[in-house]
Amino acid sequence: MGKNIAKGCIDMKITGAQAIVKALEHENVDTIFGYPGATICPFYDALIDSQIRHILTRHEQGAAHAANGYARASGRVGVCVVTSGPGATNTITGIATAYMDSIPMVVITGQVSSDLIGRDVFQEADITGATAPFVKHSYLVKSAKDLPRIVKEAFYIASTGRPGPVLIDIPVDIQNCEIKFEYKDNVDIRGYKPNLKGHSLQIKRVADAIMKAKRPVICAGGGMLRSDATEEFLELVEKCNIPVTPTLMGIGVLPSDHELNLGMLGSHGVYAANYAINNADLVIILGARVGDRAMSKPNQVAKKAKIVHIDIDPAEIGKNIEVSIPVVGDLKQILKELNTFVNKSEANEWVEELKRKKKEHSVKINPKGTSDYVNPKYLLSILAEMVDKDTIVTTEVGQNQIWAANNFVARRPGSFITSGGMGTMGYGLPAAIGAKTACPDSKVICISGDGSFQMSMQELGTMKQNKIGVKVLIFNNYRLGMVRELQKVRHCSRYTQVFLDENPDFVGIFKAYGFEGQTITNNKDIKKALKKMLEDDKPYLLECIVDPEESTL
Amino acid sequence: MGKHTLSVLVENQPGVLSRVAGLFSRRGFNIDSLAVGVTEDPEVSRITIVVDGDEYVVEQVSKQLNKLIDVIKIKQLESFDSVSRELALIKVNADTATRSEIIQVVGIFRANIVDVSKNTLTIEISGGTDKVAALEDMLKQYGIKEIVRTGTIAIERGNKYIKAKNNDKE
């Protein structure tokens, strides 16, 4: 930048790379996650002169997941920057993960020089083509003067409407071009005008349905968190006395220990929640897409109950379930309006019935039951008692994820971060790094399994270099536990390729990075071990040896 | 099931067509035909898509297309209220014995002969899918060497028109 200031003050021209950095600063980006390479070098050069913090991950996929975790913990757009070719293709799983969970993210990829595109030169990959199915939008920048507009649009598209990842592919020559930098305040895209305000008449119909219902239930999804509608939601739920079941993505929208929270629904959910959905006369779906793991037979639910579906994305309405009252718009605004029309519902009896069901079917954990293993469900319930409400939990995918979903107590939105739609193993650790970067004062705990952990364990280096104090809990059963369970139930216990008996010494790996850790094998050591783990803000591993026969539910 | 015609106004930019086409394969929708060309506004292209499916499919196609940032507007055209055409070029065997007979058939269909050689005739026909199919059927007996056809394009009848300018997506 120095050389350009020296010669460029008169016409105020800057390079494309500087323009990108400046645009990021205009978008108030304070942290980006990335990994440099040849075609993104001009950007990295310009970044030296910026206040923006760059966190070097150990794999581009880690950078994408970290940006995702950052976005979910902060409520802002996560940013990740990588080079062309393999750098770009390594982010694909991260982009798809963000897309499935509607997480606002901007991914900037370097690209080979414009005049070489299409010639299969070194580290060339058609990344806009490759990511087309799982980006909300993407740009291949053709002219440097478009850069400020494109960055502006990318942040706008990523964060508004139904959020999602937006990719900007920038050829290296474009980064070196000189342009006059102008940053507009507003965005006008004629093909993109998200509808925020719900139809008032429809909202009144929803209110009517709630007032008439005897057995209402709310299914709340990740859209509730994206819309920041928690306050309005709590008012609605408590005023009308409606029981709630969150989807995996909706965990945290209502504290897990709230008396109207039945627990998660679906194939890996709890009895009371599924009982409620299957016996309700009114199912109100808020910011959820009725995925197969949440409702396997949605149209059977729709036969028994009136279905209300409120979502920002019109394409979700009627996609997986037949809806009686659809409302399209932003949940926060819609719930605010809805709250003015409703009073206490007539659901008292139903609520009491569900509370009884919840109590009857709660998992009974006998902490003294096994002496050679740690009971993960018991540990998570103890952990929930020991941490404050600011604590953020991320999970990997598999049994650890469902144990956490059903046994940890998420007390506020954004405190439970998991890969819901995609179910991406290796997500939890980099996501925890992103979350801890966004919320340095919160304790961030990555709940992991021995399988998932090994998919992203190189990111311990990122934690070390950037002093990111993520706590890691590994439930080690020396198995791919959930697949093993599937083979047990569906394939007559013909176990194959689920054995991880040659796992490394995980504590030893932590020690190699200069971190502390310990292994426990017994329930009676849980409290002491958790206390030790939580006592400071440094990275720490608590490895818990778990019975391979321990069931998911 | 049935055929539905969608008119889709999109930004006239590279990559848009592949986004639209990719969406069909990804979501498992079946395209019967797709035709694209620039409109009276050089920044806007119009894609005419004929979809095979029930109401659910057509609704999903429209909604998913609407989510693409480059899609400006979508309208479903009803067959009774619109004119639709496709164009085909058909190269058929024609020797001195059959040539005049073929020319008669072409005349009946109000098609044009655009190329002639000692043993072939090339015929240009435009019309609805049925008309093109009917001519094809008539020409089969002479031996069709080659057919090339465009996708269907369609426009509304009367005073109605689809413009990019008024922003609301339908």
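Two strands are said to pair if DSSP finds at least two bridges between them, and the strands themselves are DSSP runs of E of at least two residues, numbered from the N terminus, as are helices, which are runs of H or I of at least four. The structure described here is a predicted model, in which local features need pLDDT of at least 70 and side-chain atom pairs count only at pLDDT 80 or more, while totals for chains, interfaces and linings use all residues. Residues are numbered from 1 along each chain as its sequence is written, and chains are lettered from A and ligands numbered from 1 in the order in which they are written.

Chain B is divided into domain 1 (3-82) and domain 2 (83-153), with bounds that come from an automatic or database domain assignment. Their centres, taken over C-alpha atoms, are separated by 29 Å. Seven residues of domain 1 of chain B and six residues of domain 2 of chain B take part in the contact, which is counted where C-beta atoms, placed from the backbone, lie within 7 Å. On the domain 1 side, the elements that give two or more residues are β2 (30-38) and β3 (44-52) of chain B, and the largest share, three residues, comes from β2(B).

In chain A, five strands form an open sheet with parallel pairing, in the order β10-β9-β11-β12-β13. Because β10 (244-246) and β13 (325-328) of chain A stand at the edges with a single partner strand each, one side of each is left without a neighbour in the sheet. Within this sheet, strand β9 (residues 216-220) of chain A pairs in the parallel sense with strand β11 (residues 282-286) of chain A over five bridges, and Val217(A) stands opposite Val283(A) in β11(A).

Helix α19 (residues 428-438) of chain A is largely enclosed by the rest of the structure, because eleven of its eleven residues are buried, a term that requires 20 or more other C-beta atoms, placed from the backbone, within 10 Å of the residue's own. Among these buried residues are Gly428(A), Pro430(A) and Lys436(A).

Note on methods: Buried ≥ 20, exposed ≤ 12 C-beta atoms within 10 Å, placed from the backbone. Contact = placed C-beta atoms within 7 Å.
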